[in-house]
Amino acid sequence: MSPKTLYDKIWDAHVADESADGTCLLYIDRHLVHEVTSPQAFEGLRMAGRTVRAPDKTIAVPDHNVPTTLDRANAETMTEDSRIQVEALDTNAKEFGIHYYPVSDVRQGIVHIVGPEQGWTLPGMTVVCGDSHTATHGAFGALAHGIGTSEVEHVLATQTLIQKKSKNFKVEITGKLNPGVTAKDITMHIIGETGTAGGTGYVIEYCGEAIRDLSMEGRMTVCNMAIEGGARAGLIAPDEKTYAYCKGRPNAPTGAEWGEAQAWWETLYSDEGAHWDLELTIKGEDIAPSVTWGTSPEDVLPITATVPDPASFKGGKVDAAARSIEYMGLTAGQKLTDIEIDTVFIGSCTNGRIEDLRAAAEILKGKKVKDGMRAMVVPGSGLVRAQAEEEGLADIFKDAGFEWRMAGCSMCLAMNPDQLAEGERCASTSNRNFEGRQGYKGRTHLVSPGMAAAAAVTGHLTDVRELM
Ligand SMILES: CC(C)[C@H](C(=O)O)[C@@H](O)C(=O)O
Ligand code: SF4
């Protein structure tokens with residue numbers, strides 16, 4: 001048998017049918033559903049008089065629109081649109097008999113945090129969701145990617161998806177990371193190198209010592225932003241850390257089934273001599289604590305750098321950089337650490353897990369948020385929130401002056417009450433810094449949780465290593 005990549009192996013294990021032009025029908029193991037991209041899909045089923053093909057493999061949770069304030073049970077804090085979407089999910093989940101974690105359930109949270117946490121996401125699976133950051137689940141060695149609403153309907157009805165195979169892209173991060181450098185910095189650094197279109201047409205497998213050394217939380221952060229680099233999906237081969245994370249989760253296999261599953265998972269790695277269409281190697285030691293200066297995730301630099309001169313770019317990027325700098329209210333040549341901020345957001349499916357909160361709390365311990373700043377922590381799920389309270393992290397955040405919120409997407413995107421006002425500038429642990437992403441004319445600087453905490457203390461973008 002010819003050597004295969006991890007992606008080839010998962011793909012081959014799920015192809016139900018292949019036509020002459022290479023279009024395939026893939027079997028889907030897990031279908032995650034949230035309130036924004038599912039209402040029309042369920043409506044489509046209803047109109048056609050169809051049911052959900054595999055309700056036991058379909059998991060729904062509201063996350064994008066839900067308020068994160070403590071009084072959120074009071075639906076009046078939601079806009080009319082949001083309320084309609086969340087109510088539709090409530091109704092659809094009940095009517096179609098799928099697994100559901102409503103807002104009142106402590107397990108509710110961002111769909112990409114809830115899936116792994118509840119043991120729905122396992123190695124070797126195909127995982128889809130009507131959401132681009134489904135790439136997150138690739139951290140388990142699952143083939144996971146976003147789909148559109150019409151595909152959501154197709155998967156609900158048939159548990160299959162029509163797909164063409166992508167190409168194989170290997171991204172290796174060698175050696176060790178320096179202190180203060182995190183999974184977030186790895187993933188932003190990669191996009192800085194490849195650009196936001198560099199991964200187009202590929203599934204990326206992340207490998208190398210620095211990736212192996214990451215916890216499952218860190219691996220999820222890396223895969224989460226595969227989509228920001230344009231890739232169809234990101235993958236990391238499963239190992240002992242993966243099995244340890246999955247074992248004992250509510251929906252993970254048990255007993256003999258666990259043994260059988262693990263035996264298969266252990267075959268899930270890229271074979272020696274497998275074919276790569278593209279390869280990139282980065283030395284772990286070359287990655288610095290990073291921050292974005294512009295309005296695209298590829299506009300990223302080490303925190304020690306200065307705002308670039310648009311003339312230093314090539315082609316269309318010259319104008320794009322000038323426009324970004326203007327939108328961001330910056331000046332070429334300005335030190336990144338001189339950029340003053342007024343808002344700090346710690347959360348999202350990129351950095352809303354327990355390890356992220358630990359990293360931020362570590363920096364904040366015994367310190368205060370700078371006067372006049374707005375700082376909030378939004379745990380990625382109710383269970384992350386509960387664990388952080390148990391570990392004393394919540395007290396560190398509250399004592400420092402952070403708002404301690406309920407779980408949801410929150411200020412990652414302006415679809416709920418947590419938004420930036422015009423001109424406000426935020427150090428954010430999320431994954432997108434597009435114009436208006438966190439609110440109309442809001443300005444976003446993407447950073448790691450430690451860097452966000454450091455900025456909250458000083459009031460400007462700060463090298464986390466100075467506070468370590
Ligand atoms: C609302 C949803 C469809 C969207 C996505 O697909 O990613 C959102 O989660 C985002 O991060 O922009
Ligand atoms: S946290 Fe942000 S990136 Fe993640 S699913 Fe929600 S809106 Fe999308």
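**Helix packing and burial**

Reply: The axes of helix α13 (residues 354-364) and helix α16 (residues 449-458) come within 8 Å and cross at roughly 35°. This is a predicted model, in which local features need pLDDT of at least 70, side-chain atom pairs count only at pLDDT 80 or more, and totals for chains, interfaces and linings use all residues. Residues are numbered from 1 along each chain as its sequence is written, and chains are lettered from A and ligands numbered from 1 in the order in which they are written.

Me: Which residues of α13 make the contact with α16?

Reply: Asp 356, Ala 359, Ala 360, Ile 363 and Leu 364 of α13 do. Two residues are in contact if their C-beta atoms, placed from the backbone, lie within 7 Å.

Me: How do you know that the span of helix α11 (residues 317-328) agrees with its number of residues?

Reply: The expected span is 1.5 Å times one less than the number of residues. For the twelve residues of α11 that should be 16 Å, and the end C-alpha atoms are 16 Å apart, which agrees.

Me: Which residues of α11 are called buried?

Reply: Ala 321, Ser 324, Ile 325 and Met 328 are buried. They cover an arc of only 95° around the axis, so they lie on the same side of α11. The arc is that of the directions from the helix axis to the C-beta atoms. A residue is buried if 20 or more other C-beta atoms lie within 10 Å of its own, exposed if 12 or fewer, and partly exposed in between.

Me: Which residues are exposed on the other side of α11?

Reply: Asp 319 and Glu 326 are.

Key. Helices (H or I, at least four residues) and strands (E, at least two) are DSSP runs, numbered from the N terminus. Axes are lines fitted to C-alpha atoms, for helices over the stretch in contact, and angles run from 0 to 180 degrees between N-to-C directions.
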